[in-house]
Amino acid sequence: MSRVFNFSAGPAMLPEEVLQQAREEMLDWHGSGMSVMEMSHRGKEFMSIAEEAEADLRGLLQIPANYKVMFLQGGASSQFAMVPMNLTRDNAKVDYINTGSWSKKAIAEAKRFAEVNLAATTEDAKFTTTPAQSDLKLDPAAAYVHYTPNETIQGVEFPYVPETGGVPLVADFSSTILSRPIDVNKYGIIYAGAQKNIGPAGLTLAIVREDLIGNAVDNTPVMFQYTTHSDNGSMYNTPPTYGWYLAGLVFKWLQEKGGLSGMAAINQRKADALYNTIDNSDFYANPVSTESRSWMNVPFTLADASLDGKFIEEASAAGLKTLKGHRSVGGMRASIYNAMPEAGVKALIDFMVEFERVNG
Ligand SMILES: *Cc1c(COP(=O)(O)O)cnc(C)c1O
């Protein structure tokens with residue numbers, strides 16, 4: 001067996017220890033004689049898996065008791081609709097901050113349900129930065145403020161949590177959740193598709209403050225109401241059981257890494273090493289303003305774009321996979337989520353230095 005370093009933006013690498021444990025438990029989970037995939041979601045075995053995963057997530061993120069954790073399907077993209085559907089019954093005015101491709105999609109969807117005020121946009125700067133708090137034109141009467149803490153495609157991450165003066169803050173954390181400690185109290189809703197930093201595709205996490213549940217606009221489909229999932233422990237219908245289980249294994253793995261502060265130290269080292277390599281060379285460049293650079297998604301270009309194909313091809317041959325940048329940005333992108341080992345970043349840096357020596 002030989003495993004590669006996969007720099008995919010998502011689905012992304014999972015910790016090898018987690019995959020091995022899943023393999024060991026595949027045919028017979030803890031003496032049940034079944035795989036987790038074959039269990040009733042209401043049986044005592046799966047209930048124990050589900051409860052432990054939630055408890056571990058609550059511990060990692062220090063989620064206060066007045067927040068519900070929901071294990072959903074539909075991806076972050078469904079949350080783009082669920083958020084306005086659940087929060088605009090009494091007030092259709094909403095604030096959105098536009099910092100990149102995923103913000104734009106969230107905004108486009110919200111416009112179908114609500115009156116969107118663009119509180120700030122960095123589109124004129126080609127999404128290479130984040131707006132300052134003082135640049136946010138927030139409406140104090142808005143039902144909520146939505147932002148994207150980390151723009152996966154542009155590699156732009158907020159260096160601060162927007163202050164909204166009591167208006168609920170909704171955050172699409174898909175590509176940076178669990179990368180470091182956060183203060184959940186500052187948020188009304190945190191949501192994330194699992195396939196970047198939590199587990200396999202098919203699972204979506206939503207962490208919702210209780211007072212924001214139960215206010216869905218009329219005719220919201222049952223499956224799109226937070227109440228449905230909150231009242232039923234995410235088991236109104238069949239939840240994504242295997243993804244939930246794997247996420248639970250990832251949470252245990254994070255505990256072993258020292259929790260989110262332990263993970264943050266590792267992630268900081270990985271990001272610093274990669275950005276230093278880029279900055280210390282005229283051959284590579286990253287367009288993002290220094291303070292807004294993402295820890296998780298590192299886009300970079302070559303001074304000579306005609307070498308892009310060669311770079312991708314030779315990197316791939318060296319076991320460094322999926323480095324091609326998003327088609328809207330071009331160049332390369334290295335996604336270095338929690339599960340990317342430091343050895344993977346080191347191998348990439350060694351490759352980049354050698355590639356520059358030969359081709360620079
Ligand atoms: C990947 C991603 C999405 C889309 O997630 P799906 O689960 O595929 O719907 C949304 N927002 C951000 C920030 C992402 O990185």
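A polar contact is a pair of N or O atoms within 3.5 Å; within protein, one atom must be able to donate a hydrogen and the other to accept it, and residues adjacent in sequence count only if both atoms are side-chain atoms. This model is predicted: local features need pLDDT of at least 70, side-chain atom pairs count only at pLDDT 80 or more, and totals for chains, interfaces and linings use all residues. Residues are numbered from 1 along each chain as its sequence is written, and side-chain values use heavy atoms, with hydrogens and water left out.

**The ligand**

| Side chain | Distance to a ligand oxygen atom |
|---|---|
| T152 | 2.4 Å |
| K196 | 2.7 Å |
| Q195 | 3.0 Å |

**The two domains**

The chain splits into domain 1 (17–256) and domain 2 (259–359); these bounds come from an automatic or database domain assignment. Their contact (heavy atoms within 4.5 Å) takes 25 residues from domain 1 and 25 residues from domain 2. The C-alpha centres of the two domains lie 27 Å apart.

How much area do domain 1 and domain 2 bury between them? The answer is about 2,000 Å², with 56% of it on carbon and sulfur atoms. Buried area is the accessible area (1.4 Å probe) lost on putting two parts together, summed over both.

Across this interface, 13 residue pairs are in polar contact (both at pLDDT 80 or more). Salt bridges (a side-chain nitrogen of Lys or Arg within 4 Å of a carboxyl oxygen of Asp or Glu) number zero there.
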